[in-house]
Amino acid sequence: MTTPGPRAAYWEYVDSLVLATALGTALWLIYTRRSRRGLIALSIFSLIYFGFYRKGCICSIGSVQNLAMALFDNGYAAPVSAIAFFALPVAVALFSGRAFCSGVCPHGALQDLILVKPLKVPTWLEQGLSVLPFIYLGAGVLFAATGTTFIICQYDPFVPIFRMSGRTFMVLSGVALLVLGMFVGRPYCRFLCPFGAILKLAGTVSARRVRVTPDLCTQCRLCEASCPFGAMRTPETGRPAPRDLPSERRQLTLALMVTPLLIFAGAWGGLKFSPTAAMLHPSVNLAHEFLANQGKPAPTGALSPADLELQRARQNPRETLVASAKVQHRFDMGTTLFGAWIGLVIGAKWISLRLRRTRTDYEPDRGDCVACARCFDYCPNELVRRGVISPVKEPATTTL
Amino acid sequence: MSTGASSGGPVNRRHFLRQGARTAALAGGGVLLGLLVGRTSARGTVWQIDPQKCVRCGNCATSCVLKQSAVKCVHAFSMCGYCQLCTGYFEPAPNDLNTGAENCQCPTAAIRRTYVEDPYYEYTIDERLCIGCAKCVEGCNQFGNGSLFLQIRHDRCLNCNECAIAKVCAGDAFRRVPVNQPYLLKAISH
């Protein structure tokens, strides 16, 4: 009998190295070359390598779950590549924004490349949907930390496309998102991606940021509608009209006061939700099946996988129930925290909508910008820098 | 008059907050990484089937994310009885003890039966044809020595974050094993 060695082990280091190189290249293309064309090339490379060649199964989006599971499960150690795929993009985002999203992530690259005619998502919808990634992140961590399932991997829409096979639901959601993605810029990145949520937070406090213009913003407004991902922000005084000031203050106070209530309500709701969520765990599910089928005769003849599983439980009833109770206990804690997290996310979003910021230039939002470099092409100063157009001469002020 | 509302004020405060948050995030991330790296095994893990726990339910053939499962049947020759009437090879009530498809367990004819000497036959698995359905494994376990068993073949396995077969494994037989010992083999000592 042959025992071929694990391919996977060797690839861990190759993948981590390719990731580091791709991130470095992305940073260089965004900040030094300021080249959209370069980023397209990088996107195609990432799509082919991380997507179609590596079949999307070493990916930063899912690595969050490996880390969560490694932290809470003593029997599991996260692989080196999972740690690298989590830490490198976050570290880059803390200093230089979401370079990972721009052209290294195969999911982002795929959606970026198929975008045909971006439509503007209404602000209320965009703001409302933008809390989803954080909730999805919380759910992913909850189910990974309890050792239940990696939902982010299970419901990943693009991996079936990279693999050219998959469960019907996954394939359908992938195709649907691709069709949607032709008209709405990066729908998965903006409204679902849990890793994008982490990078968004990291990007918000980043040291360096993506700027539309290479030097000076002349406020020509040419870039105003250039961002297909709704990340462009317009200049603001940061100060409301005196007449609006009291009502704005009231609304902010309301948001600040309601947020703790939301957190408590979420925690309460989460605890109520615990038994339902725990049913996704195989041990709990098996214990329920076992209790439901107690006293019924064992099936005979050809046994289905479910029958065989039940048989395993019947041989060891005590162990089955103890394992289930342990998991249930973990879930009580986990879903409470998850509920509180949902409350916090909604509250924080609400508060952020009530804040005013001072902004003098047209600039992409630090958190929302995926550094795709599209807006650069719209800036006349950028075109001057590239030598596409010549700088406007000052009108001659010669004396007559 | 106070000069608190000078134009530099709020920008500096924001800058300070941002830097503080960044430092906090880095420190938190560092602690997290330290915790994880301390626990990560030097060379990582891969998925494998524990043949002692496998209940031959057939999910391996259908649940793998690969079109043809990464799970294949392997044969521990040291355990094999080289039976003429191999219950892993033949149907429970074969019409005849020959290689006719109607007599065989294997749906893809992946088991090759070769004559050794009377009354012994050798059975080898053609891994290109095997789909990991475990029909032969069940047969071998019922009446034979259990020398046929399922293993994840690591030249095919993608080592997914979450193994799709492990999720539905009826015997709870899937587990992560160290990379330097990637197979859980059956063998008897002589």
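What distance separates the centres of domain 1 of chain B and domain 2 of chain B, taken over C-alpha atoms?

## Domains of chain B

The model is predicted. Chain B comprises two domains: domain 1 covers residues 10-40, and domain 2 covers residues 45-178. Taken over C-alpha atoms, the centres of domain 1 of chain B and domain 2 of chain B are separated by 51 Å.

## Extent of the interface

On the side of chain A, 53 residues are in contact with 49 residues of chain B. The two chains, A and B, bury about 4,000 Å² between them, and carbon and sulfur atoms account for 61% of this area. Of the area that chain A buries against chain B, 15% is supplied by A:Met1, A:Arg7 and A:Leu71, more than by any other three residues.

## Polar interactions

Polar contact, by comparison, links seven residue pairs between chain A and chain B, with both residues at pLDDT 80 or more.

## The side of chain A that touches chain B

Five helices of chain A each supply at least two residues of the side that touches chain B: helix H1 (7-33), helix H3 (60-72), helix H4 (80-96), helix H9 (151-154) and helix H16 (305-315). H3(A) gives the most to this side, with eight residues.

By class, the side of chain A that touches chain B consists of 29 nonpolar, 15 polar and nine charged residues.

Conventions
Residues numbered from 1 in each chain as written. Chains lettered and ligands numbered in written order. Predicted model: local features only at pLDDT ≥ 70, side-chain atom pairs only at ≥ 80, totals over all residues. Heavy atoms only, no water. Domains from an automatic or database assignment. Contact = heavy atoms within 4.5 Å. Buried area = accessible area lost by both parts, 1.4 Å probe. Polar contact = N/O pair within 3.5 Å; in protein donor to acceptor, adjacent residues only side chain to side chain. Helix = DSSP H or I, 4+ residues; strand = E, 2+ residues; numbered from the N terminus. Nonpolar A, V, L, I, M, F, W, Y, C, P; charged D, E, K, R; others polar.
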